Amino acid sequence: MVEVKLLGAWGSPFSRRVEMALKLKGVEYEYLEEDLNNKSPLLLKYNPIHKKVPVLVHNGKPIAESLIIIEYIDEVWEGPSILPQDPYERAMARFWVKFLDEKCMPAMWKAFWSTGEEREKNKDEAIEHLKFLESEIKGKKFFGGDTIGLVDLAANFIAYWFRIISELVGVELITDDKFPNLSKWADEYINSSFVKENLPDKDKITAFFNARIRAPDETKYFPKA
Amino acid sequence: MADEVILLDFYCSMFGMRVRIALAEKGIEYEYKEEENLLDNKSSLLLEMNPVHKKIPVLIHNGKPVCESLIIVQYIDEVWKDNNSPILLPSDPYKRAQARFWADFVDKKLYDAGRRIWKEKGEEQEATKKDLIETLKLLEGELGDEPYFGGDNFGFLDVALIAYYSWFHAYETCGNFSIEEHCPKLIAWAKRCMEKESVSKSLADPNKVYDFVLILKKKYGVE
């Protein structure tokens, strides 16, 4: 008997990455929505170290951290490969997802939520990082080549969540003229039928971030600026 | 065709040490290139091979660069797997995920606390010391009664963590405390790892690491 559970949060891009990976492999799973302002005993039991979602529980054994979970899913289940087969290409995929999470995401986040001179500085930093992604996607439909791969799944926040925030706070980072390849990739990604069905509702996300704009000190699941 | 392997590194870097250990475990011949002036004047080779982060270590394999220490270690493990050398990552996918999780934890928590400890003083430093000890205790818990994090064999997580051992003396001296007092099992594990030539030859001399920390303190204006 195979039992797969996913502890997630509807609005979290990290959670959605894992759902996307499970769906790519055709894995049946039970989804458990976590209220991150009131974490369940189950979450605290399965991820005592970080107390965060997503957590995949496979036959009772938990795995945390979205990128680690995705590698696990790729290794355990048959179906389309999420990571490349070639060791050098795999190393490059791992490099880019680390860059996305450790550099791009925090820099863009800070650019959105800071003000004045700080904001300009943060914007410059974010743009420097995005230039590397722009080069990387050039000439390719997806970061994974012809099909969606690990880097595409990881970059989901750029294609969807951050586009919404960008419009709401009025900070444009990925413009068509400065980042034509990245813009094209983002359109391609969110409009691909598989992804489209697995994104959180735009109105709900918009409402969530509007609430943050109105009450910035009540940060909820996303990292502080 | 013979493989050409070059490692761009810096003697005191715990990240570089990880790669040195992995290369030694696999018996791979390589050319070691020290970034002599890492802090003030990075070499053009480094800037060319790691334009994104401009950091060491960088493994250059037949002209192609691989960056980020844990990514390099996994690459080494995947490429050099048929030469009767030890395999560093567990073969079981769940154990592999756990090894990756804890290695990620080490870099998120231990690195951060280690960085702060030589910069801070007084109450701030006391809080950081507490963090550092808690982090090491969690790792000690994960080790349990096994000889290595990899179980019977020295593995990926052992490689990831043992490199920090060369920095313990610097942390202890700056923070005026003893890690062994709080985490004796972890220190026993570290000494066990040091019995391996791949580790003892790859780790920097803790006194040299402390000297380097003094240089850093001066550079950052910390008394």
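Begin by selecting residues 92–212 of chain B, which the UniProt annotation "domain: GST C-terminal", from an unreviewed entry, covers. The model on screen is predicted. Within this selection, 77% of the span is helix and 0% is strand. The C-alpha atoms at the ends of residues 92–212 of chain B are 39 Å apart.

Next, select helix 5 (residues 122–143) and helix 6 (residues 156–175) of chain B, whose axes lie 13 Å apart and which pack at an angle of about 150 degrees. Helix 5 of chain B is therefore roughly antiparallel to helix 6 of chain B, since angles over 145 degrees count as such. The crossing of these two helices of chain B is left-handed.

Now display the side chains where the two helices meet. Helix 5 of chain B contributes Gln125(B), Lys129(B), Leu132(B), Leu136(B) and Leu139(B) to the contact. From helix 6 of chain B come Leu161(B), Phe168(B), Tyr171(B), Cys174(B) and Gly175(B).

Finally, show both chains and turn to the contact between them. How many residues does each chain bring to it? Chain A supplies 25 residues and chain B supplies 26 residues. The size of an interface is often expressed as the accessible area lost when the parts come together. Between chain A and chain B, about 2300 Å² is buried, with carbon and sulfur atoms giving 68% of that area. To end the tour, select Ile49(A), Tyr88(A) and Phe95(A): in chain A, these residues lose the most area to chain B, together 26% of what that side buries.

Key
Residues numbered from 1 in each chain as written. Chains lettered and ligands numbered in written order. Predicted model: local features only at pLDDT ≥ 70, side-chain atom pairs only at ≥ 80, totals over all residues. Heavy atoms only, no water. UniProt positions renumbered as here; feature names shortened; annotations may be inferred. Helix = DSSP H or I, 4+ residues; strand = E, 2+ residues; numbered from the N terminus. Axes fitted to C-alpha atoms, helices over the stretch in contact; angles between N-to-C directions. Parallel < 35°, antiparallel > 145°, perpendicular 65-115°, else oblique. Left-handed = near helix turned anticlockwise from the far one by under 90°. Contact = heavy atoms within 4.5 Å. Buried area = accessible area lost by both parts, 1.4 Å probe.
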